[in-house]
Amino acid sequence: MLLRFNLLAILFLLLGACASGPGFDTGGVDRSLTPQGVTTGPQAARGKQVLWGGAIIRTTNLKDSTQMEVVAYPLDAHERPQHDSAPLGRFILEQDGFLEPESYAEGRLITVVGTVSGTRAGQVGESDYDYPVVSARRIHLWPEDKGGGVSFGIGIGTSF
Amino acid sequence: MPCHVAQYGFVLLLTLLVSACASQVPPLIREAPADSPSLAQVRAHAADYLGRQVRWGGTIIETGNRENATRLTVLGRPLYKAGEPEATDDSAGRFIAIVPEFLDPEVYAPERQVTVTGTLLRTEAGKVGEYPYTYPVVQVEAWYLWPVVSEQPYGYPDPWWYDPWYYRPWYGPWYPYGYPYRYRQ
């Protein structure tokens, strides 16, 4: 009886874990604005609130702030970036203070809510690239996906 | 009677496997020193805790070999009761552990999990990128490098996994002759 209850509790916890997202306050966010959209119309985009997510390319610690270069992907229903979809362009994220680069490491997924503060000219390889710059209000670092998350195994057993 | 040899060998193997589960972790790592300050407390007010015993652990960032010692830069993580770092992004920050002997940097490599016990010696000013960073420094007395292979491949017990042989290993598919290759004569 107790065992069954425990199993049920574990089930609920697991299901709950699947649904957990950043839980951001997304009021005032312009969901139609993508990084590419900012690059093509930077004047109109300045000051707009965005909810973007993607994979970290690099994290740089400056004297009193942290900068992150991110490849944006569309977000799913839990605001998690879908990094098997077509990317929406790169952007730079700026955050006051220190973010641990070993945690905010290359390849990790984040979702951020913040304000577009402008664009910055940079380069990808030898190609010029205009990065939209976002001042972060809140950043969510998604837990690392270690080997597939929840797995459903079906065991078939026979014994002699 | 080859089948008895096989059975005996199987039991011996089982005993070996079971004893492999027994802990190799040093007692100083398994049990936290009494009244040991957390990394978060020390990073906030290091001066209050100098000379105190700490047990900290986490992920190795860098291993530096000095003449008679090894300096580990570690990203601290919360520890389970038995001293193993949790697999989480929740970190109170970095610290430096000075181990009084040579540790091979190919073994004590980045991403490996380590737990140390020792005395809080001092703090050291360094930089992460351009950001000024104050590292607590621990003079290590005992340490343990956690094995890479986790016992739970998914990080938690898989509630749907059921091993049909688990409760009666001696009735496994090879019963009663044992595993057909190893003990063949």
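View 1. Leaving aside residues up to four places away in sequence, F95(B) touches L39(B), W56(B), V74(B), G76(B), Y135(B), P136(B) and V138(B), a contact being a pair of residues whose C-beta atoms, placed from the backbone, lie within 7 Å. L72(B) is 23 residues from F95(B) in sequence, and the two are 8.3 Å apart in space from C-alpha to C-alpha.

Residues are numbered from 1 along each chain as its sequence is written, while chains are lettered from A and ligands numbered from 1 in the order in which they are written. As the model is predicted, local features need pLDDT of at least 70 and side-chain atom pairs count only at pLDDT 80 or more, whereas totals for chains, interfaces and linings use all residues.

**View 2. The closed barrel of chain B**. Chain B has three helices and five strands, and from the N terminus on its elements follow the order α-α-α-β-β-β-β-β. The five strands form a closed barrel in the order β1-β2-β3-β5-β4, with mixed pairing; two strands are said to pair if DSSP finds at least two bridges between them. From one strand to the next the twist averages 45°, where axes are lines fitted to C-alpha atoms (for helices over the stretch in contact) and angles run from 0 to 180 degrees between N-to-C directions. Of the 185 residues of chain B, 23% count as buried, and among the contacts in this chain with a separation of 6 or more, 62% are between residues 24 or more positions apart.

**View 3. Strand β5(B) and the strands that pair with it**. Strands of a sheet pair through backbone hydrogen bonds, in either a parallel or an antiparallel sense. Strand β4 (residues 113–128) of chain B runs antiparallel to strand β5 (residues 131–145) of chain B, and 14 bridges join them. Within this pair, T119(B) stands opposite Q139(B), and A125(B) has T134(B) as its bridge partner. The hairpin of β4(B) and β5(B) has two residues between the strands, and G129(B) takes a positive phi near 60° there. Strand β3 (residues 93–99) of chain B pairs with β5(B) in the parallel sense over three bridges, and I96(B) stands opposite V137(B) in β5(B).

**View 4. Strand β2(A) between its partners β1(A) and β3(A)**. Chain A also has a closed barrel of five strands, which runs β1-β2-β3-β5-β4 with mixed pairing. Strand β1 (residues 49–61) of chain A and β2(A) run antiparallel and are joined by seven bridges, with M68(A) as the bridge partner of T59(A), and a hairpin connects β1(A) to β2(A) through three residues. Strand β2 (residues 65–72) of chain A also pairs with strand β3 (residues 90–96) of chain A, in the antiparallel sense and over seven bridges; here T66(A) has Q95(A) as its bridge partner, and Q67(A) stands opposite E94(A).

**View 5. The largest nonpolar core, with V112(A) among its most connected residues**. A nonpolar core is a set of buried Ala, Val, Leu, Ile, Met, Phe, Trp, Tyr and Cys residues joined through C-beta atoms within 7 Å. The largest one has 22 residues, and those with the most contacts inside it are W52(A), V70(A), F91(A), L93(A), V112(A) and V134(A). At least two residues of this core come from each of β1, β2, β3, β4 (109–124) and β5 (127–141) of chain A, and β4(A) gives the most, with five residues. Not counting residues up to four places away in sequence, V112(A) touches W52(A), G53(A), L93(A), V134(A), A136(A) and I139(A). Apart from this core lies another, of 20 residues, which includes V42(B), V54(B), L75(B) and V116(B).

Key
Helices (H or I, at least four residues) and strands (E, at least two) are DSSP runs, numbered from the N terminus. A residue is buried if 20 or more other C-beta atoms lie within 10 Å of its own, exposed if 12 or fewer, and partly exposed in between; C-beta atoms are placed from the backbone. Two residues are in contact if their C-beta atoms, placed from the backbone, lie within 7 Å.
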